[in-house]
Amino acid sequence: MEAIVEHLTECVVKANENKQALCIRGGGSKDFYGNPKGLHDSKLETGPYRGIVDYDPTELVVSVRAGTPLNELESLLSEHGQMLAFEPPGFNETATLGGCIASGLSGPRRAYNGAARDFVLGIKLLDGQGRILNFGGRVMKNVAGYDVSRLMTGAMGTLGVLLEVSLKVLPKPETERTLCFELPVEQALETMRRCAGQTLPVSATCHIDRRLYIRLSGIESAVDAAHVKLGGDEFGDNLSFWESIKNQTHPFFRDNKRLWRLSVKPTAPPFSITCEQAIEWGGALRWFAAAKDYDATAVRAQAEKAGGHATLFRGNDPSIPAFHPLQPALLKIHQRLKRQFDPVGIFNPRRLYPEF
Amino acid sequence: MLSDFPTYSLSNHFKMRHANLVESFQSILPTESVLYETEDLKPYECDGLSAYRQLPMIAVLPGNEAEIIEILKICEAEKIPVVARGAGTGLSGGALPHADGVLLSLAKLNEILEIDPVACTARVQPGVRNLAISEAAEAYGLYYAPDPSSQIACTIGGNVAENSGGVHCLKYGLTVHNILKLRVLTIEGDVLEIGSEALDSPGFDLLALMSGSEGMLGIITEITVKLLPIPEAAQLVMAAFDDIEKAGAAVANIIRAGIVPAGLEMMDKMTIAAVEAFIHAGYDPDAAAIVLCESDGSNEAVAEEIEKIRGIMRESGAVRIDTARGEAERRRFWAGRKAAFPAAGRVSPDYYCMDGTIPRKHLAEVLRRIEDLSSEFGLRCMNVFHAGDGNLHPLILYDANRSGELEKAEAFGARILEICIEAGGSLTGEHGVGIEKLNQMCLQFGDAERDLFHAVKAAFDPDSLLNPGKAIPSLHRCAEFGAMHVHRGDEQFPDLPRF
């Protein structure tokens with residue numbers, strides 16, 4: 001394993017000398033995500049650096065090398081009755097933990113259990129100067145120094161190469177049940193909000209194809225009681241439905257179109273749009289399956305008005321930045337941070353923002 | 001070098017600068033909001049870590065964001081250090097003033113601007129007290145989850161600066177997990193909107209970077225926090241053990257069983273005695289350790305979980321297991337835990353509170369080593385432990401009036417932090433580095449990491465004017481500390497045995 005780190009370090013040092021852009025890549029499951037990589041970027045493969053470094057179920061902490069397949073990690077946790085509570089989307093079986101943290105994406109459980117960044121406790125990082133750095137650790141609480149570990153989560157590899165990540169894990173719920181309601185979008189949103197204001201064991205919500213799906217997770221008696229309170233029919237195929245939402249294999253996501261992801265204030269009213277939409281996260285996440293010529297500026301304006309931002313998630317187009325533009329003052333801080341971590345600008349240039 | 005200058009000219013220069021600054025601040029703030037006389041500055045000379053004291057040059061008490069912007073402009077132009085302060089309850093000297101700087105009190109910005117009961121959020125100013133948020137949200141059946149022991153007094157702005165925790169953070173997270181959005185002023189005069197009312201934001205996670213940044217990156221003027229529904233039910237189990245290792249094993253067994261308790265706390269024998277004498281919480285006075293374990297949620301979930309917890313405590317060898325009979329007893333059990341610090345103040349003239357975190361599995365070993373150190377230094381030590389999340393608060397008892405005892409307590413504390421780092425933990429779980437733990441930062445991080453920390457600061461504050469000298473030690477300081485560290489025993493306490 002040491003040889004792999006040496007190799008990666010060498011590549012970074014060399015790229016630095018030659019001002020050669022590197023495209024950091026684990027399993028390639030999220031090649032579609034973000035601005036497209038440059039034509040001349042060479043790949044820096046982190047896949048070979050894999051394996052579980054340390055896992056003690058009673059500590060609720062696992063430390064994993066970045067190239068470890070997400071599947072492998074999740075099955076290990078599952079054997080011990082635990083899970084990654086942010087339910088990360090892998091999109092396909094090649095997904096690695098490094099890519100999962102670098103993209104910072106979270107799945108259906110996000111609104112109820114927290115996001116990828118909430119579970120990151122520590123990282124080992126290869127920075128732009130080829131230095132190996134350790135931040136955070138394997139403990140739940142740690143306020144020594146700035147929180148560089150969470151800063152890396154969702155940075156799309158633009159600040160450095162993740163080598164190792166320590167994560168907090170949680171026990172799997174004793175039981176899960178999905179309820180299904182035929183509801184128009186307005187009422188579905190209202191029901192989602194009602195759930196958020198009560199002590200209910202809700203772990204996921206999704207409105208798709210005019211149906212509202214609510215997943216309950218926890219102790220059986222609590223799930224029973226919540227079912228009685230909410231009513232609704234039990235939906236049989238609990239596991240595969242949420243898998244299809246998480247990994248976007250559901251037909252809604254799969255047609256050859258432009259997929260917009262709007263992260264908004266959960267109480268934002270329903271959008272009046274001409275394309276199909278799906279709603280998750282208690283109303284805080286709205287997916288638009290739009291046509292190719294759907295007006296990007298209008299989508300972004302709608303998202304801003306609803307207190308959030310819009311990402312062109314799939315069907316990227318070089319003329320439209322994938323991520324929502326930043327306010328100038330924030331962009332300035334981003335550019336400065338980038339220069340501090342990666343002075344020459346070798347890591348995933350422009351993948352996150354065209355400016356760096 | 002100071003000696004190169006005639007002292008009178010330096011002090012004249014200082015006086016003039018001082019007078020000019022006072023005048024500048026008075027031109028933008030009401031007269032009573034600019035303090036510069038020694039007796040007016042006295043209340044600001046220290047925070048909760050009172051062993052460190054320093055008068056600021058000037059203290060300013062702005063009442064709104066516009067005034068803060070003007071203050072920062074003056075400080076930026078004159079290159080004057082700025083130290084932000086909330087309620088001053090911090091325990092690491094993070095709000096210790098700078099002798100040549102301005103102390104920026106945010107206490108007057110204490111309004112709850114908006115509670116949105118449907119979105120479950122509150123938008124507040126930084127000087128709002130932690131508990132005041134939950135009190136205001138209660139009418140809607142909501143509360144703000146992080147509950148540091150000082151929650152009656154500490155401000156939410158300070159909580160963000162320190163990334164404060166509390167007794168419920170294993171289940172509900174720290175401040176970083178419970179805030180959505182910040183409005184931040186940079187020293188360069190920019191207004192940053194960090195985070196949003198959505199669950200995520202584009203770009204880097206600056207919300208995380210701001211949390212726990214100890215006032216070194218920007219001045220927070222507004223905070224949007226997440227509110228949670230008040231649990232339908234909460235119930236507490238108090239289990240007594242005749243052996244601290246068994247108590248540690250009980251904690252591990254609870255986690256192993258797939259339970260994430262709302263609170264999971266442990267106290268050692270000396271703490272139990274001090275607390276019982278103080279507030280009669282109803283703990284077992286003969287126990288070597290007690291574990292408090294709380295479950296909250298729906299009625300059904302709590303009833304079932306409490307039964308499981310009792311079973312695990314029994315199997316782990318508890319000698320006494322009490323489930324709180326009613327809300328009054330539950331509150332009394334908690335009151336004991338929350339009174340651990342003041343109880344220490346009753347059994348000793350002074351105490352020094354540490355804040356290390358460790359992987360739980362090393363608890364027994366770390367406690368044994370603390371006990372050894374206790375006899376080595378000749379100072380008693382009480383241990384309270386946020387067992388669920390591995391955050392240890394050893395309280396070193398000493399008497400500042402006895403010559404050398406404070407220094408001994410500090411040396412003892414430093415050794416405890418080093419043990420935590422060796423055990424794979426961290427030197428601070430929730431109190432921050434401040435001025436107090438700068439030396440230990442040299443042990444926890446290498447030169448390259450500290451170098452990057454300084455680089456992060458420079459991205460926000462290129463001239464290093466915001467709370468300079470705190471949280472991240474200079475490379476020079478670490479070089480000196482490294483040299484000292486080796487010889488520490490010989491230099492400071494030649495009479496103490498070392499092994």
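**Entry 1: one arginine**

I began with A:Arg336 and found its place in helix 12 of chain A, the helix that covers residues 328-341. I note at once that I am reading a predicted model, and that every value below is computed from it.

Is A:Arg336 buried or exposed? I looked up its relative accessibility, which is 17%, and since buried means under 20%, A:Arg336 counts as buried.

I then looked for its partners beyond the residues up to four places away in sequence, and A:Arg336 touches B:Glu188, B:Ala458, B:Ala459, B:Phe460 and B:Pro462.

**Entry 2: chain A**

Taken along the principal axes, the box filled by its C-alpha atoms is roughly 65 × 50 × 35 Å.

How does the radius of gyration of chain A stand against that of a compact globule? For 356 residues the globule would have a value near 21 Å, and chain A has 21 Å, so the two agree. I also noted that 64% of the 356 residues count as buried.

Turning to contacts between residues at least 6 apart in sequence, I found that 67% of those in chain A join residues at least 24 apart. The accessible surface of chain A comes to about 13,100 Å², and carbon and sulfur atoms hold 50% of that area. For charge, I recorded 42 positive and 40 negative side chains in chain A, with the centres of the two sets 6 Å apart.

**Entry 3: chain B**

I repeated the look-up for chain B, where I found 17 helices and 19 strands, and a C-alpha trace that spans about 75 × 65 × 40 Å along its principal axes.

A compact globule of 499 residues would have a radius of gyration near 23 Å, and because chain B has 24 Å, I wrote down that it agrees. Of these 499 residues, 59% count as buried.

Among contacts in chain B between residues at least 6 apart in sequence, 71% join residues at least 24 apart. I read an accessible surface of about 18,700 Å² for chain B, with 52% of it belonging to carbon and sulfur atoms.

How many positive and negative side chains does chain B have? I recorded 43 positive and 72 negative ones, and the centres of these two sets lie 4 Å apart.

Note on methods: Residues are numbered from 1 along each chain as its sequence is written. Chains are lettered from A and ligands numbered from 1 in the order in which they are written. This is a predicted model: local features need pLDDT of at least 70, side-chain atom pairs count only at pLDDT 80 or more; totals for chains, interfaces and linings use all residues. Side-chain values use heavy atoms; hydrogens and water are left out. Helices (H or I, at least four residues) and strands (E, at least two) are DSSP runs, numbered from the N terminus. Buried means under 20% relative accessible area, exposed over 50%, partly exposed in between (1.4 Å probe, protein chains only). Contact means heavy atoms within 4.5 Å. The radius of gyration is taken over C-alpha atoms; the globule rule is 2.2 Å times the number of residues to the power 0.38. Accessible areas come from the Shrake-Rupley method with a 1.4 Å probe; for residues, only the protein chains shown count as cover. Lys and Arg count as positive and Asp and Glu as negative; His and the chain ends are not counted. The place of a charge is taken as NZ of Lys, CZ of Arg, CG of Asp or CD of Glu.
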